[in-house]
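My entries follow the order in which I looked things up.

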Amino acid sequence: YSITYDPVGVDKDKKDITNKHSHNSIKVWMNPHYLNGFKQKLVACYYGRPDKLEEADWICYMLAVYYNCIGTTNVEVNRGETVSNFKKWGATKYLACEPLHVWDASYKGKVNTTYGYNISGAARKLDCIRLLKEFLYEEIGKDEQGNPIRNFHQIYDYQSILELKKWNNVGNFDRVSEMLLRGIEWKSISI
């Protein structure tokens, strides 16, 4: 199993939060393995905004412990305090480092030495969008009528599917931002 997590950047009072503000988005993915027929799918998700950043990080940490996501908790790190919270809890073994070989083949098998993923910058974001699209449309089997089954068929989270359908480069789409990390992880698994 692995986790993708897009945290919010700052604490806000509940009275100040509207549907225009960012929310934390966490997903747990079952990774390909011979015991599951090398298929991957979404198994759990959380979307919300607790009073403190640390509370959302704690939810991510508890999911990492429950699903045994050692070294596979993929966190976007250009906001929030997730890495420092995991350090405070002595739980950095759950955090993943960005796989450098996804961006440059000369780094075959190497990962960044710092925890988390940074997907800021227009070129990097565009690459992440491409990887997410490739992940979503990857054919993973056939149904009874011979039609292709794709990864997006394995996402049984209605709100995430709606966000994917409505996504544009201007709006605030927390679930899609979090799934960009899955695109990177998927690519690193398949290399």
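The entries below concern a predicted model.

**Entry 1: α4 and α5.** I began with helix α4, residues 158-166, and helix α5, residues 174-190. Their axes lie 8 Å apart and form an angle of about 90°. Angles of 65 to 115 degrees count as roughly perpendicular, and α4 and α5 are therefore roughly perpendicular to each other. I then listed the residues in contact: α4 contributes Gln159, Ser160, Glu163 and Leu164, while α5 contributes Asp174, Arg175, Val176 and Met179. I sorted the residues of this contact into three nonpolar, two polar and three charged.

**Entry 2: α3 and α5.** Next I looked up how α3 packs with α5, and found an angle of about 75° with the axes 8 Å apart. That angle makes α3 roughly perpendicular to α5. From α3, the residues Lys125, Cys128, Ile129, Leu131, Leu132, Glu134 and Phe135 take part. They meet Val176, Met179, Leu180, Arg182, Gly183, Ile184, Trp186 and Lys187 of α5. The contact of α3 with α5 divides into 10 nonpolar residues, one polar and four charged.

**Entry 3: Gly116.** Is Gly116 buried or exposed? I first located Gly116 in the loop between β6 (111-115) and α3 (122-137). Its relative accessible area is 5%; buried means under 20%, so Gly116 is buried. Leaving aside residues up to four places away in sequence, I found that Gly116 touches Val75, Val77, Ala96, Cys97 and Glu98. Finally, I noted that Gly116 and Leu164 are 48 residues apart along the chain, with 23 Å between their C-alpha atoms.

How values were computed. Residues numbered from 1 in each chain as written. Predicted model: local features only at pLDDT ≥ 70, side-chain atom pairs only at ≥ 80, totals over all residues. Heavy atoms only, no water. Axes fitted to C-alpha atoms, helices over the stretch in contact; angles between N-to-C directions. Helix = DSSP H or I, 4+ residues; strand = E, 2+ residues; numbered from the N terminus. Parallel < 35°, antiparallel > 145°, perpendicular 65-115°, else oblique. Contact = heavy atoms within 4.5 Å. Nonpolar A, V, L, I, M, F, W, Y, C, P; charged D, E, K, R; others polar. Buried < 20%, exposed > 50% of the residue type's maximum accessible area, 1.4 Å probe, protein only.
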